[in-house]
Amino acid sequence: MDLEEAYQIYMACQSMLIILVGAVPEYHIEPVTGRLDDDITQSVKFTEDVSSIVTEWDLFKHEAYKVNLAGSLFFAGLLIGNVLFGPLSDKIGRKPVFLTGLFFEVLFGYGTALAPSYEIFALSRLLVGMMNGGMALVCFVLTQEYVGKSYWAMTGTLTNMTFAVGITLFAALGYYVRPWRDLATAANCPGLLLFLLCVTLPESPRWLYSRGHTEKAEDILQDFAVRNGKGRILVKLRRAVGTSAPKGSSPGVFQLVTHPILRWRTVVLMYVWYSCSLVYYGLTLSAGEDKGNRYLSVAMYGLVELPAYPLCMYFINKQWAGRRKSMSYFLAFAGISCLLTMFVPESGSLLSATSLALVGKLMVSAAFNIVYVYTSELYPTVIRNAGLGVCSMSCRVGGILAPFVPSMKSLHTSMPFMVFCLSGISAACLGLLLPETLNKPSAETLDELSSHTYQRILQPQVHLLEEKHLIDHKGTDSD
């Protein structure tokens, strides 16, 4: 199990924690007559034995919103973490940012388990989310940059598959560890073990190379060769275009706005990430509201993802499908599945709203997996983390809204699935405007991205706004 796979299990436990820690047991309210003045008050009687923040802090009726709020604060933290840690790791390195953030994530995770009040609990979830969001992004990029581009799709798929396994393991953990404080402690322990194992990790050779530290990158690659049984071979890297820039002058997040090619890619990708997150987490978090065994429901919403990843591995490497079409079609099928839930019984048959929701979860899981790999290939190395950070930031907006979408059933039973349907289909249409990256070279610098040769190779299918810029640019050069 590599770095990213181990972190995905820990991240899954933290992301899904609120489903079981915030479980709402069956209850009814009984009137109680006061002894002195015959005032009638109300007493809550729980009909099942459940340990959660709801039962400890009486989060029901007019206080019930606090459970969803705690879930949204976690995703708000993810958003903040993406903004802070993405550009920071582009400037000072992947490893130091990852280790620092992971240390504080574990620390705040234990704060969740020991919280004396709801307010402290909610604050700890915000802080855990902040660290989690930054670390997930940096960890993903670091893992991708440890291997060659030809392995990006495979490593990205395997690590996202591990997140699904993590959801299932968390459901099993919750089944055996019922007290919510014990569950929060147990779910945080993998993070401590992961931190101890990651202290000796090397820096990303791709990041070192993009910053002009060619000798250090060569040393790390030589060490990789030894570990892979290749022996002590000589590694010599040519200096790429743009790597000789002085320290401190690396591209910043504003390049995503000012650079004409990156600008339009980022706008489309931000909406795709937002939709993936809203549908993915909205369907997953609704598992806690399903009637029946909540632990089995959570496990099912994790297990149903597993078939999505072999499908991804097959389609994204086929020339007739590639990254772009595969991502868009999976999103469209997710939206259609959610749409069909409005025309079948809620449960009780093979073709029910629950089974179609699981199909929708499978489809959006496939799309979510592809968008990680696809986005990595659309951004040059020098600004990849910043690009992923901004896209992931919009993803977290979807996560912030996701806990409240299932509660829209109070307006109409089909309202949540209508939201998921429209989000999935609209994102699928926009995704078709992006260029294909399968079997295309990955840019290391902005100069390579903007060069005529690179654009001619990579841009035959870009949308009209990018194409117009290139034509205008050529016209200016000829003058």
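1. Let's start with a helix pair: α4 crosses α7 in a left-handed sense, meaning the near helix is turned anticlockwise from the far one by less than a right angle (clockwise would be right-handed). Helices here are DSSP runs of H or I with at least four residues, numbered from the N terminus. The contact (heavy atoms within 4.5 Å) includes Phe98, Leu102 and Tyr110 of α4 and Trp180, Leu192 and Phe195 of α7. Its residues divide into 15 nonpolar, five polar and two charged, where Ala, Val, Leu, Ile, Met, Phe, Trp, Tyr, Cys and Pro count as nonpolar, Asp, Glu, Lys and Arg as charged, and the others, Gly among them, as polar.

2. Please keep in mind that this is a predicted model, in which local features need pLDDT of at least 70 and side-chain atom pairs count only at pLDDT 80 or more, while totals for chains, interfaces and linings use all residues. Residues are numbered from 1 along each chain as its sequence is written, and side-chain values use heavy atoms, leaving out hydrogens and water.

3. On confidence, the mean pLDDT (the predictor's confidence in each residue, from 0 to 100) is 81, and 82% of the protein's residues reach 70 or more. Residues 452-471 fall below 50, yet this stretch has 36 contacts in the model beyond near neighbours in sequence. Residues 473-479 also stay under 50, with one contact beyond four places in sequence.

4. A second pair to look at is α15 (residues 353-378) and α16 (residues 384-401). Here α15 passes α16 in a right-handed crossing. Phe368 and Tyr372 of α15 are among the contact residues, as are Leu388 and Cys391 of α16. This contact has five nonpolar, two polar and two charged residues.

Note on methods:
Helix = DSSP H or I, 4+ residues; strand = E, 2+ residues; numbered from the N terminus. Axes fitted to C-alpha atoms, helices over the stretch in contact; angles between N-to-C directions.
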